[in-house]
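The following exercises are to be worked through with the sequence and the model at hand. Each task is followed by its solution.

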Amino acid sequence: MLILFYWGVLTLTKAVIYARYSSEAQSDSFSIPAQLNVCRDYIKKQGWELLDEYIDEALSGTSDKRPSFQRMIVDAANKEFDRVVVYAYDRFSRNRYDQVTFKHELRSYGVYVVSVTQPIDHSNPDSVLLESIYEGMAESYSRKLAREAVRGSVQAAKQGFWTGG
């Protein structure tokens, strides 16, 4: 059990979960229940207190216009929790700039983002390199996916298939 010590008062680490899936990636490993189960187990193993779960369904990780994500940032500013637990860093965001910007903002509130499947030891100087690789991989995947979606639509149109919604 992790206990933080602040000004002579023992406090339990308070955690929240952020889970998200986008319309283009709804496989089992990225489903909301799968993410929540893995994150809940992780929090329990750490001996942390789970306060809330922020969930954005069918919303892209390349945008910061996610209602639950924005509510989580506001709650962090109010010092309601210490950790944001995510299944993987690409669930937090697939935009490298947003990842860096929002993690920096959260750290200014004393809140840290923790990935269950991509653990990083921040006491190691190489951790900044590893974290930036994860951030870059998430954005790269998103860009490749967008390129392939366009290519697939063009090919379908050439074959006479309807490509609209």
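Contact means heavy atoms within 4.5 Å. Helices (H or I, at least four residues) and strands (E, at least two) are DSSP runs, numbered from the N terminus. The model is predicted: local features need pLDDT of at least 70, side-chain atom pairs count only at pLDDT 80 or more, and totals for chains, interfaces and linings use all residues. Residues are numbered from 1 along each chain as its sequence is written, and side-chain values use heavy atoms, with hydrogens and water left out.

**Exercise 1.** Determine which residues of H1 are buried and which elements they pack against.

Solution. Begin with the extent of the helix: H1 covers residues 32-46. Next, apply the cut-offs: buried means under 20% relative accessible area, exposed over 50%, partly exposed in between (1.4 Å probe, protein chains only). The buried residues are Ile32, Gln35, Leu36, Cys39 and Ile43. Seen down the axis of H1, they fall within an arc of 95° (taken from the directions from the helix axis to the C-beta atoms), so they line one face. Pro33, Asp41, Lys44 and Lys45 are exposed on the face turned away from that side. Finally, the buried residues pack against E3, strand E4 (49-57), E5 and H3.

Technical notes:
Expected span 1.5 Å × (residues − 1).
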